[in-house]
Each structure stands twice: as C-alpha cells, then as structure tokens.
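Reader: I have a structure to look at and would like to go through it by question and answer. Where do we begin?

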Amino acid sequence: RMESTGVVSKIQVSQSTAALIRKAGKGHWLTKRDGEVEAKGKGKVQTYFVEPRSHSSSSSSSVVDDPDENEFQVMDEKTRRLVDWNVEIMKKLLKQVVARREALQKIDRKSMKVQNSTNVSPAMGSGTVLDEVREVIELPAFDPRLERNTAEANTIELNTSVMIQLREYVSLIASMYRKNPFHCFEHASHVTMSVAKLLSRIVAPSDGVIQSAQDGRGQLASTLHDHTYGITSDPLTQFACVFSGLIHDVDHQGVPNTQLLAENSPLVETYNGKSLAEQNSVDLSWRLLKQDQFEDLRNVIAATAPEMSRFRQLVVNSVMATDIMDKDLKALRNGRWEKAFSEGSRLGESMEVNTNRKATIVIEHLIQASDVAHTMQHWHIYRKWNESLFLEMYTAYKAGRAGQNPAEFWYKGEIGFFDFYIIPLAKKLSDCGVFGVSSDEYLSYAVKNREEWEHRGLEVVASMIQKFETSNDKLCLDKVSLVPKEVSLLPKEVESKPLLDNADETEVETTEANIQECNSQEEEGETSGPKLYLQI
C-alpha cells in the first residue's frame, strides 16, 4: 500500500510505523506528508517520509518542528506509567479469557477444533461503524460445566510475544491521542480505570460467595449470571469494555462533532455526518489491531471468527454510546432502556433475548458513566477535569474553532448537564441493579457536586477566566451567564444519601496517586472500598 502511493526517491511509512520510529528516538527522521493519501482497503490515511539524518541537520519541516504532530512525542515517564497500568489491567482480563476458553476446550474439544480453523479477524465491511450498532448483543448462555472446569486466572501464563504485542499496542494507542487538555491519553486511562472499578463491583462479590460454598458453586454462579445478565460469566465482554475505554477518544481533535461538521472535516463524508470522532476512534484503533505485528495478541483476544465478531460488536456499541450529544442516538438509547427495564419489557420476546438486551444496555451505560466519571466523584477530581475541559474549549475558541466563548455559558451549562444527563445516568446505574454500592456512591457524588457547583460555580468560572486570559484578550466576569435566583437545590431526600467526604486533596490530585491507591488496595484484598477516587 505504501509503494502504490509513494514518491520517487522517498521512503514512505504508515502512522503506526512512524510511531515506532519516534519511540526509538529517531523522530527527527520523520517528515509529515502534506495531506492524506488513499490507501487500498483503508481509505484516507496520514503517512510520513523517512530520511535518516542527524539532529543538527533536521529541517524545519520535520515532525519535530511540526506543531500539529502531537501524537508522536517521546513517551514521558507519566505516560509510560499509564501504559504500564493499562497493560496490567488488560493482562489480567486476557488471562481470564484464556482460562474460560481452555475450559470450553475441555468440555467440547471436537467442536472447538472446527471453530479454530477460522481464526481470522472480521472485515470492517463497506458501511460505517455506526451501521454496525446493534440493539441486542448475544452473550454466551450460562453453562455450569464451565464453573467446574475454569482454572484460576493467576495460573495462566501468556506467551512473551503476546505481552510484547499488548504493550506495543497500548503504547501506540497512547501515541495516537493528541495533547488535548481533556481528551487525551490520561483521560482514556481514567475511563479505563472507572470501567475496571465498575466491573469489579459486579465481579468481586461472586468470588467470595462461590469460594466459600464449593458445594453450591454451580447454583450460585448461575444466580450471579442471571443477576448480572451474563456479564460476569464472559471475560471477553469484560475485556471489550476495558478495551473500549482505552480507545474511545483516539485522535480526538479537541473540538466536538458539531465543530467538525461546521468545518466540513474530511470525516463528515467518511461517516455521513454522524458520530465523527467516535467512528474515527474505532476505525483507527481497529486498523492498528489488524496489523500483522499484533497477530498473536488478536489470537489471544479471540481464537475464532465468531469470538472476534462478538468482540468487535461489543467495542462498536460501547464506543458509539459515548456520543451523548447526538439527539437521534440518545432517543434510540432511551427507547432501548425503556424496552429493556420497563414493566412488561418481556412482552413478545424470550427470556434469553430480554436478558441479552439488558446486558447490552448495561454495558453501554457503564462506558457512558465512566466517560463522565469525574462528575460523580470527589469535588477535587471534578474540579480538575472540569477545568481541563474548560481550557480545551477556550483554546478552541481562541483558535477560531468555536462560535462562543465557554465563559459565557459554563456556569449554567454545568447545572443543566448535571440535571439532564449526569444525575439521571447515575440513577440508571442504580436502577439496573448490578453495580451494588457503586451506583449509590456515584449518585451521591453527582448530587453533592451539583450543589457545590451551584454555590461556588461562579467563583470557579471567574478563577478559570483569570487563569487563562491573555494580555490582548481580557475576559470579564460580567460575560458569564448568571444563574437565575429561582434555581433551587435538588430535593432533600436525594441529597441525604451518604457521601464519601473524607478524601484528602493529595489523594485525588493526580492519576498516579489513584493508580497507587488501586494497587495498594489490590495487595490488601480491598478492591471495592471507597478510598479509590477515580478521575476520567
């Protein structure tokens, strides 16, 4: 593909190869090619020319001096630690995937041999990613024999090649995130962290219950399977959720889809004007995964074509669910929720279809909640990420990529965001009944932060304006929309829910503090306590 679009006497490489060259410390060899090229089977892609040279002879056009080329910056220590953390989480889940697959092989080796003969990744097809979204994703039915034959995940050893490829893949994904204040790799890592936390709140209770009553293992596992709509019984589903959190904002440009539409971005034509950033993230991440260098990793994630197809379906539904601004998609999701959880939801369909429908909806809401988890956590975390998002939107405004100064709507906009999205979403986490105490924590923090913002929001906005204003463009507090006096706090019966208000500011200041907290809890066997304050 590179040769068919090449230029005489120049070496052309793909984006992923350029990332590897950059990682090797030879970024000064790279020159970003003007415009994208049409690659057979992949569409328009950004490529680079490679010219070995010394640092002193690098030209002004090299990637080093290209301010737009943020994705190939040398990985700093903080990013490396985030990569390590993501790899560790995904490694644990992959071990569970392998353990469950080996149990299936024990149960029916003959059928597994037939399935393994088609160990390929499904093609993306001629349609868009959005076209692949399904109302119901079929999860594996409960099989009590699996509970008796599944080995402990910590006894599984992944091949060295798989671990090398997993780390390489996560590193490249990190490099494909732009250096936005909010939509960056650190945000993706926090989303992954929140997904892992919510999954642990589903999975953790089963471990103690099942291990404490071996005689009733099958019956208890069956009950747990039904209660969580099959999510606990399928490690591949759990891995897909974490994977989706990792990739969901790859290549985000720091502006919303509406701005990309206004600018007539090339993505508009590619994705028919819908969910531009989200579909682009899935396509870029999937194309990277399909490269030959990740064959061993793909084979561990999904050993058969049906497994890979289900994995992709879970990823597509999850990442597309993060587009919360598209009114049509929101209406469809709300309709699916009502169909799944309202009284009489089983009318006209089998229990199996109804259970899979609920599982699909729960997975989508899990990723949605994780994407905005900072609004449902401690005030200091909320403030940190709220400021990052304000800076990102203010930067876009200063660059002429936004029609309105965010300072003009930020205060009232946050109140509306809490009232019409965050708090209803937190309530749905509780209503679906699978997340236990986490749903109460999330709702309590959402209500508390909403109240705190109503009292202190104007002051916060003023401080952000002062922080980000420039000498040639002074901003004034009178530009900020004031909240009407008739706006009241939420009902007392809602605000009376217990709050985890004993956090120390130093515990929630950085990502690394959260990761260390998480690791220390795992070592102590405390995986679901309130000390882990997440950020997104």
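**The second largest cavity and its surroundings**

Author: This is a predicted model. We begin with the second largest cavity, whose lining consists of Asp-251, His-252, Gln-253, Val-255, Leu-260, Leu-267, Ala-277 and Asn-280.

Reader: How many nonpolar, polar and charged residues are in the lining of the second largest cavity?

Author: Asp counts as charged, while Val, Leu and Ala count as nonpolar. Sorted in this way, the lining gives 4 nonpolar, 3 polar and 1 charged residues.

Reader: How much space lies in the second largest cavity?

Author: The count takes in cavities of 30 Å³ or more, and there are 2 of them. The second largest cavity holds about 40 Å³.

Reader: Is Asp-251 buried or exposed?

Author: Asp-251 sits in the loop between α8 (235-247) and α9 (257-262). Its phi is near 65°, a positive value in a residue other than glycine. A residue under 20% relative accessible area counts as buried. Because Asp-251 has 15% relative accessibility, its class is buried.

Reader: How many residues of α11 are buried?

Author: Helix α11 covers residues 276-289 and has 14 residues. From its first C-alpha to its last it reaches 20 Å, close to the 20 Å expected at 1.5 Å a residue. The helix is mostly covered, and the number of buried residues is 14 of 14.

Reader: Why is Gln-291 classed as it is, by its relative accessible area?

Author: Gln-291 lies in the loop between α11 and α12 (295-301). Buried needs under 20% and exposed needs over 50%, with partly exposed in between. Gln-291 has 21%, so its class is partly exposed.

Reader: Which residues does Gln-291 touch, not counting residues up to four places away in sequence?

Author: Gln-291 and Ser-16 are 275 residues apart in sequence, yet their C-alpha atoms are 9.4 Å apart in space. A contact needs heavy atoms within 4.5 Å. With residues up to four places away left out, Gln-291 touches Ser-16 and Arg-298.

Reader: What separates the C-alpha atoms of Met-308 and Arg-298?

Author: Met-308 lies in helix α13 (residues 305-320). At 2% relative accessibility, Met-308 counts as buried. Met-308 and Arg-298 are 10 residues apart along the chain, and their C-alpha atoms are separated by 8.3 Å.

Reader: What share of the residues in the protein chain is buried?

Author: The protein chain has 20 helices and 5 strands. Among its contacts between residues at least 6 apart in sequence, 79% join residues at least 24 apart. Of the 536 residues in the protein chain, the buried share is 52%.

Reader: What pLDDT does the protein chain average, and where is the pLDDT below 50?

Author: The average pLDDT of the protein chain is 78, and 71% of the residues score at least 70. One stretch with a pLDDT below 50 has 41 contacts in the model beyond near neighbours in sequence, and this stretch is residues 54-73. Another, with 12 contacts beyond four places in sequence, has a pLDDT under 50 over residues 204-220.

Definitions and conventions: Residues are numbered from 1 along each chain as its sequence is written. This is a predicted model: local features need pLDDT of at least 70, side-chain atom pairs count only at pLDDT 80 or more; totals for chains, interfaces and linings use all residues. Side-chain values use heavy atoms; hydrogens and water are left out. Helices (H or I, at least four residues) and strands (E, at least two) are DSSP runs, numbered from the N terminus. The expected span of a helix is 1.5 Å times one less than its number of residues. Buried means under 20% relative accessible area, exposed over 50%, partly exposed in between (1.4 Å probe, protein chains only). On a 1 Å grid over the protein atoms alone, a cavity is a set of points where a 1.4 Å probe fits but cannot get out, and a pocket is an open set with protein on both sides within 12 Å along at least five of seven lines; lining residues have an atom within 4 Å of a point. Grid points are joined across faces, edges and corners, and a volume is the space filled by probe spheres set on the points. pLDDT is the predictor's confidence in each residue, from 0 to 100.
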